[in-house]
Amino acid sequence: MTNDVLKYKSQSVSRLYFIAAMALFAGQIIFGITLGLQYVVGDLFFPYIPFNIARMVHTNLLIVWLLFGFMGAAYYIVPEESETELHSPLLAVVLFWIFLVAGALTIVGYLALPYAKLAELTGNDLLQTMGREFLEQPLPTKIGIVVVALGFLYNITLTVLKGRKTSISVVLLMGLWGLALMFLFSFVNPHNLVRDKMYWWFVVHLWVEGVWELILGSLLAYVLVKTTGVDREVIDKWLYVIIAFALMTGILGTGHHFYFIGLPGYWHWIGSVFSALEPIPFFMMTVFAFNMVQRRRREHPNQAAVLWAVGTAVVGFLGAGLWGFIHTLSVINYYTHGSQITAAHGHLAFYGAYVLVVITLISYAMPTMRGRLANSRKAQAVEMWSFWIMTIGMSIMVLALTGAGVVQVWLQRLPETNALGFMATQDELRLFYWVRVGGGVVFLIGQFTYFASFFVGGTPVTGDRSTALRGQPASA
């Protein structure tokens, strides 16, 4: 026991992962703003940071910091759910430093070397895995990710097996194992372009619209159990229904990426039908979050965490659900695929579904690792402001990208004759791109406001958990 609030000492391992996640998150946003500026100032930082490298760093940092967040969340949740200490805290710390150093060296490699030279030096000739979007990592980095993932899963799985099994821990474990297994397709890089794209989507789509949704559901359910006091059985039923719909629609919904890559035409129907159903689990998640908050049996002192949790459900539905639906049918996707509408959907979906849920867990967990149930009212007020500033900044970016996408389709893709070329169309979108940069700056301000909330003083809520939460048992 470390204090009256943190139940198991080994949960404190997650602090390392959360701090690294937030630092990498800041780097991702800084490179994102750089990319936005390069859309309108084409030679910005050239030749030191060309556009393709900045984009690679931006997207890779997104993936890596979310993985740090998921791993930290698991190390925090699993001991408490299993009612036992983590199998090996030392292994968790060792894997953290391996992952962090490997990730840092990879980013340095992107920035310091031409990509082709990096591929040559890291053995890409032995097994060609580089060059694909989101999976640009050199072979040693990919192997390192697999090693870290196996060590992490070994640690988490043994902890669950030796302790209590709950719906939250089992669903979380399913999502984490699925994440690791789907990543193995990143090593499959056929010369046939159709098969290459098919296996590529097995990683990218079945992560973000498949197994990651299990992780999302379990993290959200955990925080709502802790902050609302609603019976675990009620939350379990919601969780099972949500993940069942998420898997059914997410797996077959992969077909919306198979429309025009050379696979059979029946994917037009399968992809359209099941992709149109993909907003359902996110809508259910929104209803779930509001329902649990309305039925709460206690007022948890950490209201900032509750705001992040509800925000996850709402913005996740808008980004992954609504913005995904508007261009998921094959007859629409024919014109919109790869346009700025896709970028708008991607930004809002990642922010709503995964960025916010990781911050939700951090917001709930970090005070407990400092011996308090919640930060001071003043600190929480700053934290809540950061939520609204970041969400407004993201909304500005998404609306700008959506407008740019609509104009792009109108000028470049719809006309059968006299359509504008790609670069001529980009010139017409400059106003939207400048607005997008403005939204990015607002988002960055919100992000640093969030960081500042950790250093705001005031009287935190401390003391025994059962007393502070009106007699509710700690296992609730």
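Is phenylalanine 45 buried, partly exposed or exposed? I found phenylalanine 45 to be partly exposed, because its relative accessible area is 43%, where buried means under 20% relative accessible area, exposed over 50% and partly exposed in between, with a 1.4 Å probe and protein chains only.

Before going further I noted that this is a predicted model, in which local features need pLDDT of at least 70 and side-chain atom pairs count only at pLDDT 80 or more, while totals for chains, interfaces and linings use all residues. I also noted that residues are numbered from 1 along each chain as its sequence is written, and that side-chain values use heavy atoms, with hydrogens and water left out.

**Loop between H1 and H2**

I placed phenylalanine 45 in the loop between H1 and H2, helices being DSSP runs of H or I with at least four residues, and strands runs of E with at least two, numbered from the N terminus. Its phi is near 65°, a positive value in a residue other than glycine. The peptide bond from phenylalanine 46 to proline 47 is cis, with omega near 5°, and proline 47 is found in the loop between helix H1 (14–40) and H2. I wrote beside this that most residues other than glycine have a negative phi, and most peptide bonds are trans.

**Asparagine 418**

I looked up another positive phi, about 60°, at asparagine 418, which is not a glycine. Asparagine 418 lies in the loop between helix H14 (377–413) and helix H15 (422–428), and it counts as exposed because its relative accessibility is 77%.

**Overall fold**

I recorded 17 helices and 0 strands for the protein. Its radius of gyration is 22 Å, close to the 23 Å that the globule rule gives for 476 residues, so the protein is as compact as a globular protein of that length; the radius is taken over C-alpha atoms, and the rule is 2.2 Å times the number of residues to the power 0.38. The C-alpha atoms fill a box of roughly 70 × 45 × 45 Å along the principal axes. Buried residues make up 58% of the 476 residues. Of the contacts (heavy atoms within 4.5 Å) with a separation of 6 or more, 82% join residues 24 or more positions apart.

**Core**

I then turned to the largest nonpolar core, which has 139 residues, and in which Trp65, Trp207 and Trp212 have the most contacts. Such a core is a set of buried Ala, Val, Leu, Ile, Met, Phe, Trp, Tyr and Cys residues joined through side-chain atoms within 4.5 Å. Helix H7 (residues 193–228) gives the largest share of this core, 22 residues. Leaving out residues up to four places away in sequence, I listed the partners of tryptophan 65 as Ala21, Met22, Leu24, Phe25, Gln28, Val355 and Val358.

Histidine 58 is in helix H2 (residues 51–82) and counts as buried because its relative accessibility is 14%. Apart from neighbours within four places in sequence, histidine 58 is in contact with Gln28, Phe31, Gly32 and Leu35.

Alanine 305 is in helix H11 (residues 303–325) and, at 0% relative accessibility, counts as buried. With neighbours within four places in sequence again set aside, I found alanine 305 in contact with Val223, Thr360, Ser363 and Tyr364.
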